[in-house]
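Colleague: Could you take a close look at the open sheet in this model and tell me how it is put together? I would also like to hear what surrounds it and what else stands out along the chain.

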Amino acid sequence: MSQVPSPQLDRGVQRSIGALAEAAKEGYRWLRDFVPDAFSSTLREDAGLLASLVASLPRLSTDREVRLTDREHELTLLRLDVPGSVLKTLAEIEDRDIASTEIFHSDAAVPGTDRLLEVHHYELERPDRPAAPAAAELPRAVRKQVLDAAAAQHPERAPHQLEEALRILWVDNERWVRLAPPRDVAQLLGLFLDCRDRAGFALDLSEMERVGERVESQLLFAAASPPARGFLMQITEALDALNLGTRRLLALSVTDGGVRYFLASFHVAHREGAPLTRDGELFKRLRRQLCAAQILAVESPTYRDFVLPRIMTAEDAALVNAFIGFAHTNCAHNQSERYTFEDVVRAFHFHPEMSLALVRLFKTRFDPDLPDREKAWAAELAKVEHEVASYNTGHRILDEFRRSLFQVALVFVKRTLKTNFFVEEKQALAFRLDPAYLADLGPTFTADLPPERPFRVTFFYGRQGLGYHIGFADIARGGWRTILTRSRDDYVTVANRVFRENYVLAHTQHLKNKDIYEGGSKLVVVVNARGKGSREEDTRLFHKVQRAFANAFLDVFVTEGGKARDPRVVDYYGEDEPIELGPDENMHDEMIEEIAALSVRRGYLLGAGIMSSKKVGINHKEFGVTSTGVIAFAATAMKERGVDIRQDAFSVKLTGGPNGDVAGNALRLLLERCPKAEIRLIVDGTAALVDPRGLDREALGRVVLKADADAFDTTRLSPGGSIVYRNVRKADGLRELHRRVEMTAGGPKETWVTVDEFHQEYDHLLFRVKADLFIPAGGRPETIDKDNWRELLGPDGVPTAAVIVEGANSFVTPEARLRLQEAGVVVLRDASANKCGVISSSYEIIGNLLFSEREFLAHKADYVRDVLEILEKRAGDEAGLIFRRHREEGGKRPYTAISEALSVEINRHKAQLFRFFEANPEHWSRHPWREALLAHLPRMVRESPAWRLRVKRLPSKYRSAILAAEIATEMVYRGGFEPDFATTLHDYVGKSFG
């Protein structure tokens, strides 16, 4: 039964409502008089919200906070202004993706209190947020007012630049552009353009102005590719840590070309009245902390444990994270159970005084403004070495473990030769190390690595990942591989082995690069994505990390006269370093182009040659350059077994997708050249596709270089053929099931198998299916290792593949290769079989150095034809020599050992020859050296008098390296050179090339 309020209660409520109405009217008058920003912000368009605001003012005398709106994509709240209140509010919503922010204060205390009013308004990102109308529909009056203000504020900017920036701002922030004062919009237009032009970072400070008793400064800050969550809180924390209170804040997100930008205007005042000026120490400290916020994640334990309690700055904490990442990845690859990620983190977190001591030591070594740096470094080094050596908490075993980590960090500081730590406009850290640090660590940490030591090691650390570039020669090339992880366990598993994987890949690349002037290198980056993302989100994340690491790379490797060009990089190495970053896993075409353009813009000595496979290069997938070598090696191996692949029947199994570069082009060449080849198995990231009679060639041709294995037409399978899908799944209660289709006598039959059943089939088909030839052309390194190689032998001990030609890098471990060859398998390793891809990339760099973009495109067909001719020759030279030596030695050495010996032999000659030509740089232009140099170049260059003259355009180091490579390969593949180097080299080259 409903209750009716009593007349007395009803009159009381009515009186209270009347009193609230009167208070609201008074509040509105107060708002008009003392909160002018409420009527210049976007709130002015929402009369209901302003009414709610004024009605809620009395509550602030008792309530800590009043929320006016709290919706999925919008939040508006009121609170009283106290020191740190902006930071506190942002910390409460750090897990939300903020699209725009408006924060402002009153000019007088809220009635009934002694505090100013603080208003927060947030719009939150949402996938379905409607875009603004096209720029052409921007209101004419708004457009004119903003562009007039922008022209006055930014006279250095062309009108079309300002109009473009306005269009970009309008698309994501239509309401704010329409309602904000034109001068405020104009400010952010200039800020956005500055950020885009300055490597994704812009910071400016306006002149101070007095507001009542306060002196306020306007801070304009922008950053490209900010983290989606917590970034504004970090920025505010940096201000708060320097005792700068935020009086007014406007922050927006805009997107341009797939890149998100954070734009913000802060009105700040020092709480104790200290001046904030462009040339002042306070502004310098602020600038460094704002930069560090782009590297240090808010979810990082280091941020929580050290920065928020004010134990250290964000800049110092980012360096500690780099220590942790370096120590973990250098120790765990050989002792993963002992050096767990959590234990490494705890070592540095439980002893912040040691972490800070290492930070101080690092800063002493690399601070460009530190007077008498060497003397200060020596004194600080002795002090920290003593602290590390004497570290003792009374827990012997734990102390030994943590002391070993502090020793690794100490070695890291001592052996770093240059770093971008003091470069402010950065989103990742780079540390170029002397590889002698590996000897400092000793066999405890290096016993599992190949014995040959690299020429350089560069460590990278960023907000969402870390990685290494490892190179085995002065001039080095090798791909950039980006590995995505989605969980803590996934990340730690990959991080445990990333250094060793990188080292092995770079070493393999060095063996592979024997035919070209570059030594081998590799850049491997592991990205922590934290959760499942869409393909578009993954792509944006890859690009963000790659963009940050590319800029960090250029910070330390852009040189002038041998020294790092940026004066903030203290350079203890002091030489130019030509490093070519060929693309690899998860490096998309748009980033290849962007990094090449970035290299040109920043003045790296290789220019666009930093990257290959661009639109003005030789696209590996389009021309199948890597697979050209793989199939050439396969043809030689099968010929040794009496099979002519162009006319005889034989069977093949592959890993790698039919739409991939290596596997796809290998399949294309097999279909084109080998009419009797049976493709019995394809395993890629989408499915395992098997057909005992060989996959239908017409159906296979429809997916090759167009789609993955899961797109194969199941109706074209032979009886007994099947496909099990990795990504086609459904839920059955708590179980997850994978789709499987098998061809039966009655047609295709669909079933759904459990996860265990799926992996039993998917993971083991490559071992069980029998074929004459196995081409691993895709898949993770070390898929076949010492523990599972026996699975490639049938129940009768006969291998399920007679020949393995490694199209994928490090797919088979060295021990597994040896055991398989002992079992009778012919194994041709990656350093030989898939070398043609890197040879092609090398000739792209030569093309970039010899021709303009226009010239290259005009002559590309001839140039590519000549390069493909070189690839066939190089593959044939080595494959023939491997089998010839194997026969001559009576089969005593495995094929892979012969392959490695050839690489070592050629590389040894190359290194000696390179030193000789560097000491005699004038030789290249004289007979017979000039003929040797030209012999390395494509036919169209050799045979054109005009193009031949351009050889002098090549950097001196490149001419020396090209001569060394051409002569060294000739020595080994053709023979005939006596080892009396000083007296016979000239005669030998004259005979071979003259």
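Modeller: Happy to! The sheet is open and built from seven strands, ordered β10-β11-β12-β13-β15-β14-β18, with mixed pairing. Helices (H or I, at least four residues) and strands (E, at least two) are DSSP runs, numbered from the N terminus, and two strands pair if DSSP finds at least two bridges between them. This is a predicted model, in which local features need pLDDT of at least 70 and side-chain atom pairs count only at pLDDT 80 or more, whereas totals for chains, interfaces and linings use all residues. Residues are numbered from 1 along each chain as its sequence is written, and side-chain values use heavy atoms, with hydrogens and water left out.

At the edges of the seven-stranded sheet are β10 (416–419) and β18 (579–583); each has a single partner strand, so one side of each is left without a neighbour in the sheet. From one strand to the next, the twist averages 20°; axes are lines fitted to C-alpha atoms, for helices over the stretch in contact, and angles run from 0 to 180 degrees between N-to-C directions. Within the sheet, β13 (residues 465–471) pairs with β15 (residues 519–528) in the antiparallel sense, over seven bridges. If you want to find that pairing on screen, I470 has K522 in β15 as its bridge partner.

Now for the helices against this sheet. Helix α13 (residues 352–366) packs on it and touches β10 and β11 (428–433), its direction making about 75° with that of β10; contact here means heavy atoms within 4.5 Å. Helix α19 (residues 535–557) lies across β10, β11, β12 (456–462), β13, β14 (476–485), β15 and β18, and runs at about 140° to β14. In the loop between α13 and α14 (373–389) you will find D372, which has a positive phi of about 50° although it is not a glycine.

Rings of Phe, Tyr and Trp (its six-membered ring) pair if their centres lie within 6.5 Å, and planes under 30 degrees apart count as stacked, over 60 as edge-to-face and the rest as tilted. One of the pairs, F341 with Y491, is edge-to-face, at 6.2 Å centre to centre and 80° between the planes. This pair links distant parts of the chain, since F341 sits in helix α12 (residues 341–349) and Y491 in helix α18 (residues 488–512), 150 residues apart.

Nine strands form it, in the order β24-β23-β22-β21-β20-β19-β25-β26-β27, and the pairing is mixed. Its edge strands are β24 and β27 (826–828), each pairing on one side only, and the twist averages 25° from one strand to the next. Strands β23 (residues 735–744) and β24 (residues 747–754) pair in the antiparallel sense over eight bridges, and they form a hairpin with two residues between them.

Finally, a cis peptide bond leads from H927 to P928, with omega near 0°. P928 is found in the loop between α32 (895–919) and α33 (929–935).
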